[in-house]
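Dear colleague,

Here is the structure I said I would pass on. My notes on it follow below.

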Amino acid sequence: MAHFEIEPDIRRARTLSSDFYLDPEFFELSKEKIFERTWHFLCRESEVDGLWPTAILPGVLDEPVMLARDGGELRCLSNVCTHRGKILVEEPCKANLIRCGYHGRRFSLDGKFLSMPEFDGVENFPSETDDLKQVPLANWNGFLFASIDPKDSLDAFVGEAAEQIEFDIKMPLKLTAKREYRVNAHWALYCENYLEGFHIPYVHKGLNEIVDYGTYTTETFRYSSLQTGHDSEGKVAANYLFIFPNLMFNFYPWGVSVNVVRPVSPGETVVEFLTYVGDTALLDHGAGSDLHGVEMEDEAVVESVQRGIRSRFYSHGRYSPTREQGTHHFHRLIAELIG
Ligand code: FES
Ligand SMILES: [Fe+2]
């Protein structure tokens, strides 16, 4: 029997059962069923030069990988030596091959085993298992993503939302700030709050003066959703792209704010804010001007919900058909992937 089921018709549907957020079993199951099957943001392609060690979803999957540029080709490789498991590349560097610092095993930049000292006479050696595993890597407009075992292509995950974003995606973007917020709430509560503009008039008084609630829209796609807010003149103030399960790309006139939601425990989440600026002159204007203030308001409600869903008297609620399509869509994907 499926653990969770969410009725496709939003008018009849009930929200995700609170067991999903509270039971540690589902937190663990989400790693394998949701996070290993989806795409994780690594960095901008322009940030990478030579060998670049990183990890797929730190704190959750913690899979050590490296980006390796070999001539024109960029690959994502396992960063674990196939001999006894040492991490191969510890710091970004430039090199024409990869050499393990433990016993000298060498690999080419495409991950192929090259040589190993003191291994004469070893049978069936080297074999394919001595090469570094190549990890699925995808590039969406200069944003790099990796996945352990993707359920679908990155293009399918982003979907048609991409075509509707009003943003000059070719604008050169510079990473100007990185900030981490620690939230005392389940990762999915943080995401589902992001997925509706319903709360804007109640929770974000300042933002509500900039974004016109009446013309706020939400569209859902296979694995993504797009919310659009307009200003009082009808111009797009912000596009909020959510890529399931935990990535938020917020497009503002000045550039892109990327939020990576990283589960820590069933009641604790870290949200990383990466600021990519295209046009500094526009930084203090409009919907993307007070991101910290809006974040504090969101955290307060999300932490309040975390305390509320522990109640013996709460198990699930219902959806607004006009304002909570994004949250309904998110719950349906969780139910689908958890099985
Ligand atoms: S662990 Fe890499 S050579 Fe031994
Ligand atoms: Fe909010």
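**Overall picture**

The protein chain contains eight helices and 17 strands. Its radius of gyration is 22 Å, close to the 20 Å that the globule rule gives for 339 residues, so the chain is as compact as a globular protein of that length. Please keep in mind that this is a predicted model. The C-alpha trace spans about 70 × 55 × 30 Å along its principal axes. Among contacts with a separation of 6 or more, 63% are between residues 24 or more positions apart.

**The iron site**

What holds the iron ion (ligand 2)? The coordinating atoms are NE2 of His199, NE2 of His204 and two OD atoms of Asp298, at 2.0 to 2.7 Å. In sequence, these donor residues follow the spacing H-x4-H-x93-D. The angles among the four donor atoms run from 53 to 150 degrees, and the arrangement is therefore irregular; a tetrahedral site would need all angles between 85 and 135 degrees. Both His199 and His204 are buried.

**The four-stranded sheet**

One open sheet has four strands in the order E2-E3-E4-E8, and the pairing is antiparallel. E2 and E8 (134-135) stand at the edges with a single partner strand each, so one side of each has no neighbour in the sheet. In general, strands of a sheet pair through backbone hydrogen bonds.

Although E2 (residues 51-56) is an edge strand, five of its six residues are buried. E2 pairs with E3 (residues 63-70) over six bridges, in the antiparallel sense, and Pro53 stands opposite Met66 in E3. At the other end of the order, E4 (residues 73-78) and E8 run antiparallel and are joined by two bridges. There, Cys76 has Val135 of E8 as its bridge partner.

The hairpin of E2 and E3 has six residues between the strands, and Leu57 takes a positive phi near 45 degrees in it. Asp62 also lies in the loop between E2 and E3. The phi of Asp62 is positive too, near 50 degrees, and at 46% relative accessibility Asp62 counts as partly exposed.

**Other backbone points to check**

Most residues other than glycine have a negative phi, and most peptide bonds are trans.

- Asn141 is not a glycine, yet has a positive phi of about 50 degrees. Asn141 sits in the loop between E9 (137-140) and E10 (143-146), and is partly exposed, with a relative accessible area of 28%.
- The peptide bond from Phe125 to Pro126 is cis, with omega near -5 degrees. Pro126 is in the loop between E7 (113-115) and E8.
- The peptide bond from Phe244 to Pro245 is cis as well, with omega near 5 degrees. Pro245 belongs to the loop between E14 (236-243) and E15 (247-252).

Which residues does Glu336 contact, leaving aside neighbours within four places in sequence? They are Lys151 and Arg222. Glu336 is part of helix H8 (residues 325-338) and counts as partly exposed because its relative accessibility is 36%. The C-alpha atoms of Glu336 and Glu5 are separated by 7.9 Å, although the two residues are 331 apart along the chain.

Lys33 belongs to helix H2 (residues 24-33). The C-alpha atoms of Lys33 and Glu336 are 9.6 Å apart, with 303 residues of separation along the chain. Leaving aside neighbours within four places in sequence, Lys33 is in contact with Leu337 and Ile338. With a relative accessible area of 32%, Lys33 is partly exposed.

Thr228 lies in strand E13 (residues 224-230). Is Thr228 buried or exposed? Its relative accessible area is 10%, and buried means under 20%, so Thr228 is buried. The side chain of Thr228 makes a polar contact of 2.9 Å with the side chain of Asn239. Not counting residues up to four places away in sequence, Thr228 touches Thr215, Tyr216, Thr217, Val236, Ala238 and Asn239.

Regards

How values were computed: Residues are numbered from 1 along each chain as its sequence is written. Chains are lettered from A and ligands numbered from 1 in the order in which they are written. This is a predicted model: local features need pLDDT of at least 70, side-chain atom pairs count only at pLDDT 80 or more; totals for chains, interfaces and linings use all residues. Side-chain values use heavy atoms; hydrogens and water are left out. Buried means under 20% relative accessible area, exposed over 50%, partly exposed in between (1.4 Å probe, protein chains only). Contact means heavy atoms within 4.5 Å. Two strands pair if DSSP finds at least two bridges between them. A polar contact is a pair of N or O atoms within 3.5 Å; within protein, one must be able to donate a hydrogen and the other to accept it, and residues adjacent in sequence count only if both atoms are side-chain atoms. Donors are N, O and S atoms within 2.8 Å of the metal (3.2 Å for Na, K and Ca); water is not among the atoms, so sites may look incomplete. Four donors count as tetrahedral if all angles lie between 85 and 135 degrees; four count as square planar and six as octahedral if opposite donors are over 155 degrees apart and all others between 65 and 115; anything else is irregular. The radius of gyration is taken over C-alpha atoms; the globule rule is 2.2 Å times the number of residues to the power 0.38.
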